[in-house]
Amino acid sequence: MLRDDASEFVYLNNAATSWPKPPQVLNAVQESLISPFVGGGRSSGSDAQDYIWDARTAVAGLLGVCDEERVLFSHNATDALNTLIHGFLSAHSGPVHVISSVLEHNSVLRPLWELKQAGRIELTLLPMKGAYLDLDTVSDSVRSETKLAVLNHGSNVLGSVQDLDRAGKILHESGVYVIADGAQTAGHVPLVFDQLAIDAYAFTGHKALFGIPGTGGFIIKDPEEITPIRYGGTGSNSVSLNHPRDLPERFEAGTHNFPGLAALTAGIDFIQTTGQKSIEEKGIRQSRMMIDGLKAEPNITIYNETPDLPIISLNIDGLDNEDLGFILTRAYRIITRSGLHCAPLVHKETDGGRGSVRLSLSWFTTDEECIRAVQVIREVARSANSQISQA
Ligand SMILES: Cc1ncc(COP(=O)(O)O)c(C=O)c1O
């Protein structure tokens with residue numbers, strides 16, 4: 001896509017990465033790079049502004065963490081989940097049974113699957129009930145050697161938000177450590193992490209937090225439960241060959257992506273100024289409006305009629321979802337995502353593993369864009385239907 005063409009597109013792929021970014025996010029990146037990098041420690045950016053600590057303060061404020069140093073930065077949610085999963089296993093010896101679910105993204109499933117294949121863990125995947133994690137199965141899945149649960153908070157396919165506080169309370173009764181994958185919920189769902197029965201929560205910067213790719217991290221209650229898996233320069237106590245174990249250095253080695261963290265701060269400021277509630281309500285209103293419109297066409301199957309996040313998954317009977325995605329982009333300039341969305345087990349349950357076309361909205365999606373997308377998808381559905389009838 002040429003930059004000048006951008007305004008002609010209807011962008012409905014915000015669950016992959018949000019676009020457009022608020023202007024202040026773009027400015028923040030540029031401003032962070034204009035002046036030379038100053039300051040002795042790694043945590044000072046250009047013009048003596050502390051981009052890293054500013055971002056910690058912003059994330060802590062939005063996600064309900066009392067101490068900023070319990071906000072740790074990484075490259076993205078995948079990186080944070082790997083740090084948490086591998087770091088937890090390094091800190092805990094003996095046989096480990098891990099609970100996860102069929103709702104997970106591959107950023108959870110693949111690290112766990114590798115560990116299972118290497119014989120390091122046993123794995124139970126909890127089933128879904130409708131679009132949600134089946135909470136009735138949580139307590140029965142716990143065994144004496146169950147030490148860890150890694151659970152999806154917001155489904156990137158069905159837009160369902162799991163009641164992880166309830167799951168966490170059940171798991172905590174048996175001393176199970178709970179990691180939440182918050183890649184889709186951070187920014188969308190109001191959260192007071194310190195009050196939830198969740199021990200660590202991974203987030204990404206480039207989706208609903210309006211930051212740019214290459215940022216993310218996790219928030220944590222007790223850092224001692226996770227052994228660091230990366231070591232290196234921290235800009236502190238450099239005389240020692242031992243990597244510092246205090247927060248935040250414990251989990252942060254090497255130069256930070258400070259332009260990305262400046263963007264993250266600006267993205268969160270944008271959310272706070274706009275109002276998280278308004279963002280949440282608008283997304284729900286627009287997705288329900290689109291679902292009502294799409295439902296009118298009998299050969300459109302919608303897999304999530306009441307999503308909690310602005311995500312809609314659908315198929316048109318008789319049309320491959322990759323083809324529908326292609327038609328929408330090439331003929332109508334509507335950008336969606338088709339296929340398995342890196343969450344293959346959800347599809348096995350909902351659409352027989354076929355995959356779907358996903359429409360995902362952001363604060364910047366207009367009502368007119370929603371109406372246009374509905375009109376176009378209905379038009380394509382009607383034409384697919386008439387071609388099937390003629391065949
Ligand atoms: C539910 C879920 N978890 C994890 C991820 C991974 O996020 P990232 O690509 O930022 O690592 C995604 C991204 O699509 C996601 O939707």
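Histidine 341 is buried, as 24 other C-beta atoms lie within 10 Å. A residue counts as buried if 20 or more other C-beta atoms lie within 10 Å of its own, as exposed if 12 or fewer do, and as partly exposed in between; C-beta atoms are placed from the backbone. The model is predicted: local features need pLDDT of at least 70, side-chain atom pairs count only at pLDDT 80 or more, and totals for chains, interfaces and linings use all residues. Residues are numbered from 1 along each chain as its sequence is written. Histidine 341 sits in the loop between E14 and helix H10 (344-350). Helices (H or I, at least four residues) and strands (E, at least two) are DSSP runs, numbered from the N terminus. The phi of histidine 341 is near 55°, a positive value in a residue other than glycine.

Asparagine 237 also has a positive phi, of about 45°, although it is not a glycine. This residue is placed in the loop between E10 and H7. Asparagine 237 is exposed, with 11 other C-beta atoms within 10 Å. Most residues other than glycine have a negative phi, and most peptide bonds are trans. Two cis bonds deserve a note here. The peptide bond from tryptophan 19 to proline 20 is cis, with omega near 0°. Proline 20 lies in the loop between strand E1 (10-11) and helix H1 (23-34). Leucine 247 and proline 248 are likewise joined by a cis peptide bond, with omega about 0°. Proline 248 belongs to the loop between E10 and helix H7 (258-274).

Seven strands form an open sheet with mixed pairing, in the order E2-E10-E9-E8-E7-E3-E4. Its edge strands are E2 (71-74) and E4 (122-126), each of which pairs on one side only. Neighbouring strands of this sheet are turned by 20° against each other on average, direction ignored. Axes here are lines fitted to C-alpha atoms, for helices over the stretch in contact, and angles run from 0 to 180 degrees between N-to-C directions. Two strands pair if DSSP finds at least two bridges between them. Strand E3 (residues 97-101) pairs with E4 in the parallel sense over five bridges. Serine 101 has leucine 126 as its bridge partner in E4.

Within this sheet, E9 has five of its five residues buried, so it is largely enclosed by the rest of the structure. Both faces of E9 are covered. Ala200, Ala202 and Thr204 are buried on one side, and Tyr201 and Phe203 on the other. E8 and E9 run parallel and are joined by three bridges. Aspartate 181 stands opposite alanine 202 in E9. E9 and E10 pair in the antiparallel sense, over five bridges. Here tyrosine 201 stands opposite isoleucine 219 in E10.

Eleven of the 15 residues of H3 are buried, so the helix is largely enclosed by the rest of the structure. Among them are Ala77, Thr78, Leu81 and Phe88. The buried residues of H3 pack against E2, helix H4 (106-117), strand E7 (146-152), strand E8 (177-181), strand E9 (200-204) and strand E10 (216-220). Contact requires C-beta atoms, placed from the backbone, within 7 Å.

The ligand is surrounded by Asn76, Ala77, Thr78, His105, Ser107, Asn152, Asn156, Asp181, Ala183, Gln184, Thr204 and Gly216.

Strand E15 (residues 356-360) is mostly covered, with five of its five residues buried. Ser356, Arg358 and Ser360 lie on one side, and Val357 and Leu359 on the other. E15 pairs with strand E12 (residues 311-316) in the antiparallel sense over four bridges. Leucine 314 has valine 357 as its bridge partner in E15. Strand E14 (residues 337-339) and E15 run antiparallel, joined by three bridges. Glycine 339 stands opposite serine 356 in E15.

Methods: Near = placed C-beta within 6 Å. Contact = placed C-beta atoms within 7 Å.
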